[in-house]
Amino acid sequence: GKQMMGKIPGHLYQYMFGDELLAAPVYEKGATKQKVFLPSGNWINYWTGEQLQGNTEHTVAAPLHQIPLFVKQGAIIPMRQYASSIEKGNNNTLLLHVYPGADGSFNLLEDDGTSNDYLDGIYASTILEQCKDVNRMLLTIHPVEGFYKGMPSTRKWILYIHCKKAPEKIRMNEQNLKFRYEPTKKIAIVETYQRSVKQIAEIEVNFP
């Protein structure tokens with residue numbers, strides 16, 4: 001299986017989470033800058049939105065209480081909405097952080113969250129995929145495979161599309177979607193309903 005958290009050979013104080021996230025905790029007391037080696041690919045500074053080239057070392061700002069964190073272009077990172085406990089949370093609404101600029105995918109695995117049914121293969125898998133094109137990104141939410149007790153049949157997605165400029169338009173299955181753009185954070189935010197998790201959803205983002 002895919003290793004969740006791994007070390008980077010020769011870079012003692014850096015950690016990878018899957019292939020998409022890299023954290024570089026500050027290890028010198030009082031340091032406000034940090035040297036970080038980024039593997040190949042293009043990377044985005046999670047805090048500033050700045051784009052950095054991979055396969056090279058960068059010196060980055062490391063303010064107190066903020067671990068330098070980098071996301072690989074092409075990453076798709078699903079998150080749950082905040083809940084006071086895991087049991088109270090659910091996956092009826094999911095936040096999706098999308099970093100356009102390269103092809104990428106994520107396999108979202110879900111189960112009932114309480115039983116050990118998943119050990120018997122009782123879980124659901126949803127493949128999320130993004131494809132890069134000139135001035136456009138296509139995000140595909142594939143139909144769910146598998147099933148678990150209490151699985152929602154519809155779903156709300158809140159997409160956070162990390163992009164330098166506001167998109168010209170965002171469409172899902174050929175329908176225009178309303179979105180808002182936050183220029184300081186460089187994020188386009190769009191909420192959309194998937195009427196059936198068993199049907200494909202294709203979201204097209206056009207950039208100027």
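Visitor: Why does F106 count as partly exposed?
Guide: Its relative accessibility is 28%. Buried means under 20% relative accessible area, exposed means over 50%, and partly exposed is what lies in between, using a 1.4 Å probe and the protein chains only. The 28% of F106 falls in that middle range, so F106 is partly exposed.

Visitor: What kind of model are we looking at?
Guide: It is a predicted model, in which local features need pLDDT of at least 70, side-chain atom pairs count only at pLDDT 80 or more, and totals for chains, interfaces and linings use all residues. Residues are numbered from 1 along each chain as its sequence is written, and side-chain values use heavy atoms, with hydrogens and water left out.

Visitor: Which strand holds F106, and what does F106 touch beyond its sequence neighbours?
Guide: F106 belongs to strand β11, residues 104-110. Strands are DSSP runs of E with at least two residues, helices are runs of H or I with at least four, and both are numbered from the N terminus. Setting aside neighbours within four places in sequence, F106 is in contact with I76, P78, T126, I127 and L128; contact means heavy atoms within 4.5 Å. As for F207, it is 101 residues from F106 in sequence and 23 Å away in space, C-alpha to C-alpha.

Visitor: T126 is in that list. What makes T126 buried?
Guide: Its relative accessible area is 3%, which is under the cut-off for buried, so the label applies. T126 sits in strand β12. Apart from neighbours within four places, its contacts are F106, N107, L108, E110, I141, H142, V144 and R155. A24, by comparison, is 102 residues away along the chain, with 30 Å between the two C-alpha atoms.

Visitor: How do you know that A124 is buried?
Guide: A124 has a relative accessible area of 0%, which puts A124 in the buried class. It also lies in strand β12. Leaving out neighbours within four places, A124 touches L108, L109, E110, V144, E145, G146, F147, Y148 and M151. One of these, V144, is 20 residues along the chain from A124, and their C-alpha atoms are 6.5 Å apart.

Visitor: What makes the pairing of Q130 with A75 a polar contact?
Guide: A polar atom of the Q130 side chain lies 3.4 Å from the backbone oxygen of A75. A polar contact is a pair of N or O atoms within 3.5 Å; within protein, one must be able to donate a hydrogen and the other to accept it, and residues adjacent in sequence count only if both atoms are side-chain atoms. The 3.4 Å is therefore within the distance limit. Q130, found in strand β12, is buried at 0% relative accessibility.

Visitor: Why point out the phi angles of N135 and N173?
Guide: Most residues other than glycine have a negative phi. N135 has a positive phi of about 60°, and N173 one of about 45°, although neither is a glycine. N135 lies in the loop between β12 (124-133) and β13 (136-141), and N173 in the loop between β16 (169-172) and β17 (175-176). Both are partly exposed, N135 at 46% and N173 at 39%.

Visitor: How do you know that the size agrees with a compact globule?
Guide: The radius of gyration is taken over C-alpha atoms, and the globule rule is 2.2 Å times the number of residues to the power 0.38. For 208 residues a compact globule would come near 17 Å, and the protein has 18 Å, which agrees. The C-alpha trace spans about 50 × 45 × 30 Å along its principal axes, and 39% of the residues count as buried.

Visitor: How many helices and strands are there?
Guide: The protein has zero helices and 20 strands. Of its contacts with a separation of 6 or more, 55% come from residues 24 or more positions apart.
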